[in-house]
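Please keep the sequence and the structure in view while reading.

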Amino acid sequence: MGISIVQKSDLQRRKKDPKVALVLAGGAVSGGAFKLGGIKALDDLLVNRKTTDFDTYVGLSAGAVLAVPLAAGISPAEMLKSLEGKSEYLDRFQALDFYSPNIREFITRPAEFVLKAALYLPGTVSDLLQSAPKLTTEIDRAARRYVAKPTPGNLSKVAGPLIEWYWNRPDFPSLMEHLPTGLFDNASIERYMRRNLESAGLPNDFTQFHRRRRRELYISAMNLDTAERAVFGHDEDSSLTISEAVQASTALPGFYKPARIRGVDYVDGGVRRTANLDVAIEHGADLVICYNPFRPFSNRPKRRIDRESGEYVVEGRRMADGGLLSILNQVFRTLLHSRLQYGLRQYREDPNFKGDIIVIEPRDTDSNFFELNALAYWERMRAARLGYLSVSDSIERNYDLVRSILGRYDLTTTRRNVNNSIKKMSTDSPDVVETLTREFPPRRLRVA
């Protein structure tokens, strides 16, 4: 299934003045584009209230990059145009905005290690010479005691002063401590977001943004030193600007160096939470629509026993055949997805929660998405098209229940725009035709 639903409300009664939230999880660059395509599909489905008209937006990592323009009133269609540099409102997100080399640390940290290592031996000799008179006196005194009383205890005390001096010396510089803290520096993402907010005439401040847009915007990250979640918003932590919060939230460990902002080191918000359903619900959301592009792939190769050798023969490709990165990809997705499902189960079992949650994800058999490199900037347009198809298919498979839930919150839907977009996509993008046929049967999407 591509959709998980926690349905706790009375669908027979319309909710008066409902509060609707959109929660966007991470996904890196191709996952973010996949998610953007999916948001466009959701936007096409809605009639009277679009994805830019919701009350609350919660984003982390790549979801934060999308949540800000949506909260600012920029449509998914316009955001898709920006991927190709055709938007009137958003600058194109360039490769250097994503892959900005961490040049400073690649130069300074190894140089610091070399300098410390070069000075270590001379410093040790200098300290030894300065400490020699005191050490000589203590060793001589201990040696005299041993001569007078040659016991093992007194013998060990002869070397004691020298050993104590050695252990009090600084350790030899650690090479691991002087490696760069990340391959890239995501300060470029902060500059990109700040520049676009300024060009749109919108404040780069959570409180002022809320006053201007009348929309709640929340972005989460993790404080690296305390391992605590940081939630930034107009009525949460507003110590950072919106663009700084996006930088903090997108600092994927290892790929980006930690975002050191105002003396605090932040890393990707997905490290602490897969999504932030609780942020939306605790701020009064009645309906939460969550988009999580990361889920494990359900790979089921067939096994049979060879009659002659008696050994297992596997028909199909196993996850391990893809190498270490394929294994880590599956493990990483499984951890994130399990954590999100645990959170959903808590709300499903909570008697005090009376709202509804719709979580949209790729299907677990969607090999096209699983094979996408999450960090591949060049895959963004293909990922966006696949995201559109994926969400369209998932909604179609659950259309009656989704329509009923959305209808309770006065959100009317139509398939017409989605079907028209799919037809146009299959004409304009020949590379998607094969995917349409194989992964998303026409009877499901009603293309015909």
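Strand β3 (residues 56-60) and strand β5 run parallel and are joined by five bridges. Two strands are said to pair if DSSP finds at least two bridges between them, and the elements named here are DSSP runs numbered from the N terminus, helices being H or I with at least four residues and strands E with at least two. Within this pairing, Val58 has Tyr218 of β5 as its bridge partner. The model is a predicted one, in which local features need pLDDT of at least 70 and side-chain atom pairs count only at pLDDT 80 or more, while totals for chains, interfaces and linings use all residues. Residues are numbered from 1 along each chain as its sequence is written, and side-chain values use heavy atoms, with hydrogens and water left out.

Strand β5 also has antiparallel partners. Five bridges pair β5 with strand β6 (residues 228-232) in the antiparallel sense, and Ala221 stands opposite Ala230 of β6. The two strands form a hairpin with four residues between them, and Ala227 in the turn has a positive phi of about 60°. Strand β9 (residues 264-267) runs antiparallel to β5 and is joined to it by two bridges; here Met222 stands opposite Val267 of β9.

How many residues of strand β5 (residues 216-223) are buried? Eight of the eight are, so the strand is largely enclosed by the rest of the structure. Buried means under 20% relative accessible area, exposed means over 50%, and partly exposed lies in between (1.4 Å probe, protein chains only). In a regular strand the side chains alternate between the two faces of the sheet. In β5, Glu216, Tyr218, Ser220 and Met222 point one way, whereas Leu217, Ile219, Ala221 and Asn223 point the other way, and all are buried.

Most residues other than glycine have a negative phi, and most peptide bonds are trans. Arg214, in the loop between α8 (206-213) and β5, has a positive phi of about 60° although it is not a glycine. Ser61, in the loop between β3 and α2, likewise has a positive phi, near 55°. Are these residues buried or exposed? Ser61 is buried, with a relative accessible area of 8%, while Arg214 counts as exposed at 62% relative accessibility.

Helix α2 (residues 62-71) and helix α9 (residues 242-249) have axes that come within 8 Å and cross at roughly 155°. That makes α2 roughly antiparallel to α9. Axes are lines fitted to C-alpha atoms, for helices over the stretch in contact, and angles run from 0 to 180 degrees between N-to-C directions; those under 35 degrees count as roughly parallel, over 145 as roughly antiparallel, 65 to 115 as roughly perpendicular and the rest as oblique. Ala64, Val65 and Val68 of α2 make the contact with Ile242, Val246 and Ser249 of α9, contact meaning heavy atoms within 4.5 Å.

Helix α3 (residues 76-83) has six of its eight residues buried, so this helix is largely enclosed by the rest of the structure. The buried residues are Pro76, Glu78, Met79, Leu80, Ser82 and Leu83, and they pack against α1 (28-45), α2 and α13 (380-397). Just after α3, Gly85 takes a positive phi of about 75°.

A further helix pair is formed by α5 (residues 103-148) and α6 (residues 152-167), which pack at an angle of about 165° with their axes 8 Å apart. The two helices are therefore roughly antiparallel to each other. Among the residues that meet in this contact are Leu128, Leu135 and Ile139 in α5 and Leu155, Val158 and Trp165 in α6.

The last stop is a loop. Ser298 lies between β10 (287-291) and β11 (302-305). Which residues does Ser298 contact, leaving aside its neighbours within four places in sequence? Ser298 is in contact with Asp364 and Thr365. The C-alpha atoms of Ser298 and Asp364 are separated by 5.3 Å, although the two residues are 66 residues apart along the chain.
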